[in-house]
Amino acid sequence: NSNDPLFADLRFKYENSRREKETNWMEFKRTAGHPVRYGSVIQLHHVDSKKFLTQSKDRAWRNRLAMELSLEQDGNQGSWWKLVATDKGCAEGDNVLYGDQVLLESLTFTNKFISVYCDTAASSGVKASAEDESAALVQALGSGH
C-alpha cells in the first residue's frame with residue numbers, strides 16, 4: 001500500500017541508496033586513473049571485497065571517543081573523505097606523492113580523521129577508527145597496509 005508510512009519510508013531509503021550507488025559509480029569513473037591531489041574528496045574502495053571504507057555513528061571498540069570504520073558494499077554518506085596535507089609545504093591542489101603522509105578528514109562528521117594503528121590481537125594486525133582532530137594519527141600512503 002503506497003499510503004502506508006512504513007512503505008513510504010522504505011521507498012525513500014531505497015531511492016537514496018540507489019542514488020548513492022549511482023553517484024559512487026559516476027565519481028569512480030570520473031576520477032579513476034587521475035592524479036590524487038590534496039583537497040580532493042575521495043572514497044576508499046577495497047579492491048578484494050569491492051566495498052567502501054565507511055565511518056558510522058557507532059563508537060569504536062578500542063577508543064570510545066572514536067567512531068567505528070567498516071567496509072560497506074555500496075558506501076554511504078560516511079564514505080567520503082578529504083585529503084589533507086600534514087606537511088606545511090603542501091597546498092590544496094598539489095599532487096599527493098608516493099610516501100606522503102596524509103590525513104583523511106571525514107566530510108560527514110566534523111573534525112574526524114582516520115586513525116590507523118597496529119593491533120597484534122587482530123587477525124590482520126591493523127585496525128582503524130575515526131578520531132578527533134587532536135588525536136589523529138597519520139598513515140603513509142603505500143606503506144603496505
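Which helix holds both R18 and E22, and how many residues apart do they lie? Both residues belong to helix α1, where they are four residues apart, about one turn of the helix. The points below take up this pair again after an outline of the fold; the model under discussion is a predicted one.

1. Overall make-up. The chain contains one helix and nine strands, and reading along the sequence gives the pattern α-β-β-β-β-β-β-β-β-β. Of its 145 residues, 26% count as buried, and the accessible surface comes to about 9800 Å², with 53% of that area belonging to carbon and sulfur atoms. Among contacts with a separation of 6 or more, 52% are between residues 24 or more positions apart.

2. The chain has four salt bridges. In one of them the side chains of R18 and E22 meet at 2.5 Å, N to O, and E15, R18 and E22 are linked in a network of salt bridges. R18 is partly exposed, with a relative accessible area of 32%, and E22 is likewise partly exposed, at 40%. The side chains of D9 and K13 form another salt bridge, at 3.4 Å, N to O; these two residues also lie in helix α1 (residues 5-31), four residues apart, about one turn of the helix. D9 counts as partly exposed, because its relative accessible area of 33% falls between the limits of 20% and 50%.

3. The side chains of K82 and E92 meet at 3.0 Å, N to O. K82 lies in strand β5 and E92 in the loop between β5 and β6, so this pair ties together parts that are ten residues apart in sequence. K82 is partly exposed, at 22% relative accessibility, whereas E92 is exposed, at 59%.

4. Strand β2 pairs with β3 (residues 51-59) in the antiparallel sense over two bridges, and H46 stands opposite K51 of β3. The hairpin formed by β2 and β3 has four residues between the strands, and K50 takes a positive phi near 60° there. Strand β3 is in turn joined to β4 (residues 67-72) by five bridges, again in an antiparallel arrangement, with F52 standing opposite E72 of β4.

5. The pairing of β1, β5 and β6. Two bridges pair β1 with β5 in the antiparallel sense, and the bridge partner of I42 in β5 is W81. Strands β5 and β6 run antiparallel and are joined by five bridges; A85 stands opposite V102 of β6.

6. The nonpolar core. Which residues make up the largest nonpolar core? It has nine residues, namely Y38, I42, L53, L69, W81, L83, V96, V102 and L104. Strands β5 (81-85) and β6 (101-106) each supply at least two residues of this core. The bridge partners I42 and W81 are both among its members.

7. A buried loop residue. Q43 is placed in the loop between β1 (41-42) and β2 (45-46). Is Q43 buried or exposed? Its relative accessible area is 16%, and Q43 therefore counts as buried, the limit being under 20%. Leaving aside neighbours within four places in sequence, Q43 is in contact with E20, N24, F52, S79 and W80. One of these contacts, F52, is the residue that stands opposite E72 in β4.

Definitions and conventions: Residues numbered from 1 in each chain as written. Predicted model: local features only at pLDDT ≥ 70, side-chain atom pairs only at ≥ 80, totals over all residues. Heavy atoms only, no water. Buried < 20%, exposed > 50% of the residue type's maximum accessible area, 1.4 Å probe, protein only. Contact = heavy atoms within 4.5 Å. Areas by Shrake-Rupley, 256 points an atom, 1.4 Å probe, with all protein chains shown as cover. Pairing = 2+ DSSP bridges. Core = buried A, V, L, I, M, F, W, Y, C linked by side-chain atoms within 4.5 Å.
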